[in-house]
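Subject: Structure handover

Hello,

Here is the structure for you to look through. My notes on its side chains follow below it.

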Amino acid sequence: MKISYNWLKDYVKTEHSPQRLSEILTDTGLEVEGLEKVEVIKGGLNGVVIGQVTSCEPHEGADRLNVTTVNIGEDEELQIVCGAPNVAEGQKVVVATVGTTLYPNPDEPFKIKKAKIRGVESFGMICAEDELGLGKSHEGIMVLPEEAKIGQGAAEYFNLADDYRIEIGLTPNRSDALGHLGVARDVVAYNKVHKVEKSSLQMPDVSAYEVFENGDKIKISVESPEDCPRYMGCVVSNLKVKSSPDWLKNYLLTIGLTPINNVVDVTNFVMHELGTPLHAFDLSKVGDKIVVKRAKEGEKFTTLDDVERTMTDQDLMITNGKKNLAIAGVFGGKESGVSEDTTTIFIEAAYFNPVSVRKTAKRHGLNTDASFRYERGVDICMIEFAMKRAATLIAMLAEGNITHEPIPHYPKRVEPTEVMFSYTRCNQLIGNDIDVDKVGEILNALDIQILQNNGDQVKLKIPTYRVDVTREADVIEEVLRIYGFNNIELPQKWNISLSSQNLRSEEMRLNTIADLLVSQGYFEMMNNSLTSSSLIENHGGEAFSNDHSVRMLNPLSSDLDVLRQSLVFQGLTTVVHNKNRQNSDLGLFEFGKIYQKFNGEFKENKRLSIFLTGSKEPEQWNSNQEEVSFYTLKGIVTAILDRLGLDHMASMKGLKKSILEDGMQLYVQKDKIGEIGWTSNELNKSLGLKKKVYVADLDWDIIISLGNRNKVLFTPLPKTFAMRRDFSLLLDRSVTFQEIEEVARITDRKLLKEVNLFDVYEGDKLPEDKKSYAVSFYFQDEEKTLKDDQIDKIMEKIRVQLEKQLSAELRK
């Protein structure tokens with residue numbers, strides 16, 4: 001939101017400097033993000049002067065060029081070659097001298113140099129309106145009135161006073177500050193409460209609004225009152241569309257708007273003055289009535305930017321009953337806009353439903369000043385005042401008459417919100433004791449009326465321009481921001497309760513696991529909860545379906561139309577983002593929620609995702625670049641379960657209905673806690689990944705619940721040593737290590753402590769469809785030392801069971 005310092009002072013007479021004013025606005029919640037001294041025209045028109053054409057002769061070498069002599073004062077005359085069709089002897093013109101830099105576009109400077117054009121020297125340029133940045137017209141040079149003084153600087157002639165542009169980072173709730181008047185209200189409130197200077201709000205003057213005659217008739221009909229609760233307008237006739245006066249141009253230029261003509265400029269001025277959007281229609285192109293209704297599905301409409309758009313039956317339109325004139329609250333139509341030939345206009349002032357406007361604007365990819373304000377909610381009670389303000393200014397600047405004021409459409413009057421407020425509750429939430437009289441003073445400065453006073457409890461009436469203040473907490477926030485956040489005293493003593501919770505605290509466990517991952521070289525990431533439904537549609541497979549997606553009612557874009565059902569897709573996108581920036585060796589993790597819908601019920605589930613790709617160690621001269629593998633990821637997941645005391649209950653099973661191409665399901669007892677594996681080549685290719693990415697997708701909610709019932713047992717270190725035995729097994733390729741481990745543990749539950757796979761071989765020396773596993777077995781009795789014959793007997797039993805159940809053979 002851009003504010004002009006000079007413009008703001010039209011509504012609040014203040015001696016505050018722009019810098020001090022910025023501090024005050026920030027203190028009151030209108031955070032100033034930038035303060036910039038601006039020249040209304042970039043470059044300040046330095047080197048541009050007023051001159052008079054003393055001679056004008058056709059160029060001998062070009063039909064469309066003229067050789068002119070221009071007097072720029074102090075007996076100095078310049079020869080200038082000019083191609084404008086309207087240049088003539090005797091004219092007062094604007095001349096850019098050699099060395100002057102013009103900015104017809106702010107980012108495209110143009111320096112005037114001595115030139116030779118078709119053999120004739122030229123020492124400057126006679127300027128058109130757009131070349132100076134004073135407007136958009138390029139039909140010919142600017143011709144000034146006879147009273148213009150030769151030699152006067154153009155900046156002085158056009159009254160280009162320096163100004164300050166204040167950039168406010170407006171939060172979505174503060175729709176009341178979408179105009180200069182709303183910002184001035186906060187300055188006045190601050191001045192009154194803090195007694196820094198005497199000031200009052202200066203409202204714009206609409207006393208000159210008068211219907212001179214009953215001229216052009218126009219009727220208003222609203223067929224969709226839920227989308228347009230209030231609509232009105234008036235007619236201004238016999239006007240002359242021309243350039244705006246300097247004061248109006250300067251205000252618009254300061255806040256970054258380009259002046260167009262006196263009619264359009266006034267509607268823009270009033271919108272940025274009051275925060276209420278307006279629109280002007282050429283009445284000759286409208287007819288005798290205005291009908292507000294929804295568009296027909298699929299019909300075409302060309303907007304002011306000359307783009308043909310396909311409308312839907314959810315888009316509200318301004319029509320004349322037969323033809324669409326504008327997209328309500330968003331953008332005007334090309335065929336009904338004001339032009340230089342316009343003599344009669346209809347000024348529209350309306351309140352449109354914020355949700356309807358936002359959906360339409362996003363649906364068509366439009367973001368206009370009008371839609372920006374309607375989406376946040378304008379003051380419905382300011383509609384008539386804004387219309388009168390615009391009509392009065394246009395009638396004055398365009399020399400027209402207000403000839404007809406139609407009957408407004410306002411079937412259900414909006415009453416101010418009433419809120420119950422407690423002084424005690426106010427002090428409790430603020431954390432400071434503010435005197436009751438001071439609170440009352442603040443409320444009065446904010447135009448909040450006290451209707452009933454019952455001691456501590458009072459009933460308040462909120463002004464309609466504060467559409468965001470609907471609860472007691474909102475009023476307390478208003479009190480606090482005017483009182484001053486910086487005026488809240490910090491206590492001298494802080495009381496902190498030390499928690500007696502151990503690792504069973506959910507927050508402590510999350511932080512513990514995050515610290516564990518970070519200590520192992522992993523980086524935490526945070527992704528948006530919104531994602532694209534196309535990811536589920538294209539890659540969800542049997543694991544996910546868009547039938548279970550939680551869809552946004554008003555998506556920002558097609559890429560952010562649903563809440564995520566998995567952390568995996570966005571995690572892979574983050575991997576791609578890093579790889580594209582030459583960061584290929586990655587270990588990333590994220591704690592986040594997923595969202596799904598089943599039978600009309602919405603479900604949230606917190607998960608932990610881990611992503612691993614690239615090399616294990618940074619590239620070094622004395623080591624090989626070993627790539628991470630499934631077992632690297634399995635190791636870190638095992639470490640997590642071990643840290644939470646769950647590893648002794650964990651087991652693995654084959655994947656079913658997963659977005660991972662291969663890997664294992666993780667279980668703790670009978671509860672599935674997630675999956676580990678790697679993504680498919682198809683998914684990787686669609687995202688732009690060339691290397692395999694290993695993924696762990698863990699259900700953190702279940703892990704936490706298991707941890708709550710898990711008892712941590714402490715046992716003394718064993719007094720004896722463990723004994724190891726190895727088997728080299730010839731197996732069918734379909735046999736998994738998990739099956740080997742299960743057979744071994746079932747065979748001996750007492751002494752067998754650990755089973756490990758330490759080598760795998762698949763090659764030409766083995767029979768077809770066979771593989772070789774080297775498996776180690778660790779045995780231990782915590783009370784006495786084991787003997788070889790005990791271990792040999794158990795190993796033989798395991799061999800027999802492996803042969804019987806898995807057709808395993810010992811390799812020699």
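In this predicted model, the count of aromatic pairs comes to 16. One of them joins Trp7 and Tyr251, whose rings are stacked, with 5.1 Å from centre to centre and 10 degrees between the planes. Trp7 belongs to helix α1 (residues 5–8) and Tyr251 to helix α6 (residues 246–254), so this pair ties together parts that are 244 residues apart in sequence. Trp7 is buried, at a relative accessible area of 0%, and Tyr251 is buried as well, at 14%. Phe589 and Phe591 make an edge-to-face pair, with 6.1 Å between centres and 85 degrees between planes. Phe589 has a relative accessible area of 0% and is buried; Phe591, at 11%, is also buried.

Trp7 and Tyr251 come up again in an aromatic cluster, which they form with Trp247 and Phe269.

For Arg185 the ring is that of Tyr465, and the charged end is 3.7 Å from the ring centre. For Arg230 the ring is that of Tyr410, at 4.2 Å from the centre.

Next, the nonpolar residues. In soluble globular proteins, nonpolar side chains tend to be buried together. Which residues touch the most other members of the largest nonpolar core? They are Tyr231 and Phe352, in a core of 87 residues. Helix α10 (residues 383–397) supplies the largest share of this core, nine residues. There is also a second, separate core of 35 residues, which includes Ile513, Tyr522, Met652 and Leu698.

Some nonpolar residues are at the surface instead: Leu490, Trp494 and Ile496 form a nonpolar patch there, with about 450 Å² of accessible area together. Leu490 is found in the loop between α13 (472–483) and α14 (506–519). Is Leu490 buried or exposed? Its relative accessibility is 65%, so Leu490 counts as exposed.

The last topic is charge. Side chains of opposite charge can pair when their charged atoms come close. The count of salt bridges in this model is 46. Three of them are described here.

- Arg165 and Glu36 meet through their side chains at 3.1 Å, N to O. Arg165 counts as buried at 16% relative accessibility, whereas Glu36 is partly exposed at 44%.
- Arg471 and Asp474 form a salt bridge that is also 3.1 Å, N to O. Asp474 is buried, with a relative accessible area of 10%.
- Arg799 and Glu803 form a salt bridge of 2.9 Å, N to O. Both residues lie in helix α21 (residues 788–806), four residues apart, which is about one turn of the helix. Arg799 is partly exposed at 24% relative accessible area, and Glu803 counts as partly exposed at 43%.

Salt bridges can also share partners, and in this model such bridges join Arg174, Asp176, Asp186, Arg466, Asp468, Glu478 and Arg481 into one network.

If you open the model, you could begin with the stacked pair of Trp7 and Tyr251, then turn to the salt bridge between Arg165 and Glu36.

Regards

Definitions and conventions. Residues are numbered from 1 along each chain as its sequence is written. This is a predicted model: local features need pLDDT of at least 70, side-chain atom pairs count only at pLDDT 80 or more; totals for chains, interfaces and linings use all residues. Side-chain values use heavy atoms; hydrogens and water are left out. Rings of Phe, Tyr and Trp (its six-membered ring) pair if their centres lie within 6.5 Å; planes under 30 degrees apart count as stacked, over 60 as edge-to-face and the rest as tilted. Helices (H or I, at least four residues) and strands (E, at least two) are DSSP runs, numbered from the N terminus. Buried means under 20% relative accessible area, exposed over 50%, partly exposed in between (1.4 Å probe, protein chains only). A charge sits over a ring if NZ of Lys or CZ of Arg is within 6 Å of the ring centre and within 35 degrees of the ring normal. Patches are made of residues with over 30% relative accessible area and no salt bridge: like charges are joined within 9 Å, nonpolar side chains (Val, Leu, Ile, Met, Phe, Trp, Tyr) within 5 Å. Accessible areas come from the Shrake-Rupley method with a 1.4 Å probe; for residues, only the protein chains shown count as cover. A salt bridge is a side-chain nitrogen of Lys or Arg within 4 Å of a carboxyl oxygen of Asp or Glu. A nonpolar core is a set of buried Ala, Val, Leu, Ile, Met, Phe, Trp, Tyr and Cys residues joined through side-chain atoms within 4.5 Å.
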